[in-house]
Amino acid sequence: RLLFWAVVMGFVGTWLSLIHYAALGRDGRGAPRLVAAATFFYLVSDALVLLLLVLCAKGWNIVRRKLGVWTRVQVAACVCTYFFAAVAAYGRPARTRSNV
């Protein structure tokens, strides 16, 4: 189920980006809110894939039905750290210097 939702989130992000680029080609401005929404969906998709990989590494899908408390805390800390770092990286605008 995690992989399914990761693919759905990536698909929604791709469609939002496609709509933005279609509007950008039509009017030259695009839709900045769609870009922000697409980026959010991409980040959620990446976080879900990371969660799936960590859970598989911990053996959740293979031999266990339930993870221990400490393992759940570790998985939550890993995914939250990744998600907040990615949001901080995408949220901070790039500072470029233009001499034009």
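**Surface, helices, core**

Mentor: Start with the surface: the protein exposes about 7,800 Å², and carbon and sulfur atoms supply 67% of that. Areas are Shrake-Rupley with a 1.4 Å probe; for residues, only the protein chains shown count as cover. This is a predicted model: local features need pLDDT of at least 70, side-chain atom pairs count only at pLDDT 80 or more, and totals for chains, interfaces and linings use all residues. Residues are numbered from 1 along each chain as its sequence is written, and side-chain values use heavy atoms, without hydrogens and water.

Trainee: How many helices and strands?

Mentor: Three helices, zero strands. Both are DSSP runs numbered from the N terminus: helices are H or I, at least four residues; strands are E, at least two.

Trainee: What share of the residues is buried?

Mentor: 25% of the 100 residues. Buried is under 20% relative accessible area, exposed over 50%, partly exposed in between (1.4 Å probe, protein chains only).

Trainee: Which residues make up the largest nonpolar core?

Mentor: Seven: A47, L51, V54, L55, L67, V75 and V79. α2 gives the most, with four residues. Such a core is a set of buried Ala, Val, Leu, Ile, Met, Phe, Trp, Tyr and Cys residues joined through side-chain atoms within 4.5 Å.

Trainee: Now α3. Which of its residues are buried?

Mentor: T71, V75, V79 and A86. The buried residues of α3 pack against α2 (32-57).

Trainee: And what does α3 span?

Mentor: Residues 69-91 reach 32 Å from first C-alpha to last, close to the 33 Å expected. The expected span is 1.5 Å times one less than the number of residues.

Conventions
Contact means heavy atoms within 4.5 Å.
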